[in-house]
Amino acid sequence: MKFNQLGLDPEILKALQKLHYDEALPVQEKVIPEILKEKDVIVRSRTGSGKTASFAIPIIQNVVWDERSPQALILTPTRELALQIKEDFDNISAYRRLKTVAVFGKQPYKFQIQDLKQRCHIVVGTPGRVLDHLERETLRVDQLRYVVLDEADEMLNMGFIESVKKIFSYLPKSRTTCLFSATMPEPIQELATTFMKDAKIITMEEETSVNQAITHYAYQIKEKEKLTFLKKLLCKEVPESCIIFARTQENVKLICDELYDLDMCVDKIHGGMLQEDRIENMKDFKKGKIRILIATDVAARGIDVQNITHIINYDMPNQKETYLHRIGRTGRQTSSGVAITLLNEYDGQRRQELEEYLGYPLEIKNRDDINQVTVDEKAISALTKPFMIREEKGKEIHEDTLKIYMNGGKNKKIRAGDIVGAICEIDGVCAQDIGVIQVQDHQSYVDILNNKGMIVLKALQQKTIKGKKLKIQKAK
């Protein structure tokens, strides 16, 4: 089914076209019509199936632009996934001019509160920080129409379910609730029964299925030999784009340092890093500047990157379900991929549980061809630079958009309406050319759409806003 058969607004179809979304993926074809009808849904679909768009598109279609308070709340287990979902909402809603705010921990409340006080249509957040805002009364939910629990099973694994239950106690009874999960353990089923009404159950895949586009196998290796073996494995495989998963921050640091010392194009991400470093490394990996990313399971959700060719489980995950989420970073949608696991002498129980979960034995490959690899300058040379620089997702959407900075905000009594008024006085510019506006304490930002950016920029540089002459320039 094509998206233009779903009765979507032209602004949404324009954005989808620029994102190169033409045919709806199976999960989207089944889910979008149900949410458009404001039906509760429980969706079991593997990671990488395109489910974010399946709830983003109908929510964006039904949200009312004029309403100032949030109309949709998306709960997700990690900051990385919150930022990824915000990016997807920003891209798909670009021409509907909707504002999506991401709220999560290890980020100052001040800026989040400023964003939430202004017109805000959609909020994406981790349960802990969302609950904090509800308790502080800095997040209004009286106009909330949609609640989405994304990666519900991971929220259970990370201990967020009690926070989720508390969040629901703040929410309006009349709402559309959507639950998405790759697996459906009993506590998630109980959650759905408690907080959802007449939900339609949509199952896309068997709970324990591995994407057929992924070739996955393992090597048996002693723990003390794993690091040496990993270096040989990388030189043999020469992955174009790879994530190596480790269980602990210490192992992430160790692996990253060892590979960095060999001049490999590598960096890391784990929960103990500064938030800005974590976000920056994720951006660089998405762009392709980093070839090999070493990560704890914090990154098993929220990396929506095409053409990740290899996943390597340096450590077996503690939870068998996490195996599917890790290897699901490759083989996304129509791509193929390889997932390799290193089993040590202590992994017998984990391997047994995983094989029972999958329903078949994990293929164990012979190590001889890897052991014969020599890790020298020639073998490493191909791994010292990025394989490709990826185009930024949504680049085409934002080619006709210019973000403008002005050095005045609440400190100069400037409101969003003042900025709109000044722009709408410019010849050839109307309200539909104005995108998201952010008014902060000492500066403001406004997106100008439809290739009108330079017209607005030059005109505002000659005007005053609310009687004040401001410094106006392209946002950096």
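Colleague: Is Tyr217 buried or exposed?
Modeller: Tyr217 counts as buried, at 5% relative accessibility. Buried means under 20% relative accessible area, exposed over 50%, and partly exposed in between, with a 1.4 Å probe and protein chains only. This is a predicted model, in which local features need pLDDT of at least 70 and side-chain atom pairs count only at pLDDT 80 or more, while totals for chains, interfaces and linings use all residues. Residues are numbered from 1 along each chain as its sequence is written, and side-chain values use heavy atoms, with hydrogens and water left out.

Colleague: Which strand holds Tyr217?
Modeller: Tyr217 lies in strand 8, residues 214-220. Helices (H or I, at least four residues) and strands (E, at least two) are DSSP runs, numbered from the N terminus.

Colleague: And what separates the C-alpha atoms of Tyr217 and Pro361?
Modeller: Those C-alpha atoms are separated by 9.8 Å, although Tyr217 and Pro361 are 144 residues apart along the chain.

Colleague: Changing topic, how many disulfides does a search of the whole structure find?
Modeller: The search finds 0 disulfides, a disulfide being a pair of cysteine sulfur atoms within 2.5 Å. For Cys235, the nearest cysteine sulfur belongs to Cys242 and is 12 Å away. For Cys430, the nearest is that of Cys424, at 7.1 Å.

Colleague: What are the relative accessible areas of Cys235 and Cys430?
Modeller: Cys235 is buried, with 9%, and Cys430 is partly exposed, with 35%.

Colleague: Where is the phi of His20?
Modeller: Phi of His20 is near 65°, a positive value in a residue other than glycine. His20 sits in the loop between helix 1 (10-18) and helix 2 (26-36), and is exposed, with a relative accessible area of 61%.

Colleague: What about the phi of Glu137?
Modeller: Glu137 has a phi near 60°, again positive in a residue other than glycine. The loop between helix 6 (127-136) and strand 5 (146-149) contains Glu137, which counts as exposed at 70% relative accessibility.

Colleague: Which residues gather in a patch of negative charge on the surface?
Modeller: The patch brings together Asp257, Asp261, Asp263, Asp376 and Glu377. Patches are made of residues with over 30% relative accessible area and no salt bridge; like charges are joined within 9 Å, and nonpolar side chains (Val, Leu, Ile, Met, Phe, Trp, Tyr) within 5 Å. A salt bridge is a side-chain nitrogen of Lys or Arg within 4 Å of a carboxyl oxygen of Asp or Glu.

Colleague: Which helix is Glu377 found in?
Modeller: Glu377 belongs to helix 16, residues 377-381, and is exposed, with a relative accessible area of 72%.

Methods. Accessible areas come from the Shrake-Rupley method with a 1.4 Å probe; for residues, only the protein chains shown count as cover. Lys and Arg count as positive and Asp and Glu as negative; His and the chain ends are not counted. The place of a charge is taken as NZ of Lys, CZ of Arg, CG of Asp or CD of Glu.
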